[in-house]
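Please work through the exercises below with the sequence and the structure at hand. Each task is followed by a worked solution.

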Amino acid sequence: MSSPLPRLSVVIPNYNHARYLPTCLGAVLRQSVQPFEVIVIDDASTDNSVEVIEQFAREHPIVRLHRNEKNRGVVFNMNKGLLELAQGDYVYMAAADDEVQPGHFEKTLSLLAQHPQAALCCTIGDWREIETGLNWHVGVGMGDQPCFISPQEMARLERAGKLFIASNSAVFNRRTLNEVGGFVPELRWHCDWFAIYTSGFRHGVCFVPEPLAVANIHATSFYSVGSKQDEHRRVLERMLELLNSSAYADVMPFIRDSGALFLFGRPMFKLMRSRPEFRHFLTPTFLRKNLWHTFKVDMKRIAPAWVGNLYIKLTGQRAKKRD
């Protein structure tokens, strides 16, 4: 490389994922550009996770194990890594059961070096539902070439239904992520979305138009289980309360006017309608996008996987192979 790339810290929260760790860690350690450090935070696992991590640490000096004495939860560990343990300029939060593809760190860090003002760099996300067999790519329409996307352009893409920042692909600028409060614990399974969109609409994002990060979505994942709980309404309420606060006054109009909150489906619509202080988020753009998204989610529940995958292919939700 003509100049040194920024230092990258990889943080991997883990709880009883020993069977997935070799794939996750192996993919990280095979990257053409190596991270400055790989911090695995074990959340008091009861399987042989610690043994697996210690073996990697013996063979690879950049791997470091941090053990919690008791189980603290995913969001606690994400903030532990971000605020206390990581020392790099940028941080990549890797789920222990996900996998980065070759070239991810080289391409994202190279683009971030050119645009140091950006809050993060993402790629197309390769999302795979393990139980159903559905496989689709998110963020396909954001651009044809590696690029920086300003907050204004992000809003335009969102209104057009083309913006989707895959959290499993995001390499965060530590400074701008800390600036928006890191991962807000009260937002639980939506804390990464909030961090991504508030920092992105404040500073812009970089984008690499290749599927370079695989997310394996399990029925027992943090989001899948949490979004079905009664607590989910309180999580959404807290999100809207934060967006209405002075701390996020600069990014709230982007999120409101672009309809970005459509992603939270019918529960978000019902909440906005029931609380007067949230009704200003009920814009025509939000209503249009929310209705269509809700319809697709409902159809996904009843359609067989082969129908879903055919629809995904025909509607261009898979990236074309690059030469």
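The model is predicted, so local features need pLDDT of at least 70 and side-chain atom pairs count only at pLDDT 80 or more, while totals for chains, interfaces and linings use all residues. Residues are numbered from 1 along each chain as its sequence is written, and side-chain values use heavy atoms, with hydrogens and water left out.

**Exercise 1.** Determine how many disulfides the structure contains, and examine Cys121 and Cys122.

Solution. A disulfide is a pair of cysteine sulfur atoms within 2.5 Å. By this criterion, a search of the whole structure finds zero disulfides. For Cys121, the closest cysteine sulfur belongs to Cys206 at 5.0 Å, which is too far for a bond. Cys122 is likewise in no disulfide, its nearest cysteine sulfur being that of Cys121, 6.3 Å away. The next step is accessibility: buried means under 20% relative accessible area, exposed over 50%, and partly exposed in between (1.4 Å probe, protein chains only). Cys121 has 0% relative accessibility and therefore counts as buried. Cys122 is also buried, with a relative accessible area of 0%.

**Exercise 2.** Locate Val38 and identify the residues it touches.

Solution. Val38 lies in strand β2, residues 37–42; strands (E, at least two residues) and helices (H or I, at least four) are DSSP runs numbered from the N terminus. Because its relative accessibility is 0%, Val38 counts as buried. Contact means heavy atoms within 4.5 Å. Leaving aside residues up to four places away in sequence, Val38 touches Val10, Ile12, Leu25, Val28, Ile62, Val63 and Arg64. Pro61 is 23 residues from Val38 along the chain, and their C-alpha atoms are separated by 9.1 Å.

**Exercise 3.** Is His203 buried or exposed, and which residues does it touch?

Solution. His203 belongs to helix α7, residues 191–203. Its relative accessible area is 19%, so His203 is buried. Beyond residues up to four places away in sequence, the contacts of His203 are Gln117, Ala118, Ala119, Phe148, Pro151, Thr176 and Glu179.

**Exercise 4.** Identify the helix that supplies the largest share of the nonpolar surface patch.

Solution. The patch consists of Trp292, Phe295, Met299, Ile302 and Tyr311, with about 540 Å² of accessible area together. Like charges are joined within 9 Å, and nonpolar side chains (Val, Leu, Ile, Met, Phe, Trp, Tyr) within 5 Å. Areas come from the Shrake-Rupley method with a 1.4 Å probe; for residues, only the protein chains shown count as cover. Helix α12, residues 284–302, provides the largest share, four residues. Met299 is in helix α12 and, at 37% relative accessibility, counts as partly exposed.

Technical notes:
Patch = residues over 30% accessible without salt bridge, like charges linked within 9 Å, V, L, I, M, F, W, Y side chains within 5 Å. Salt bridge = Lys/Arg side-chain N within 4 Å of Asp/Glu carboxyl O.
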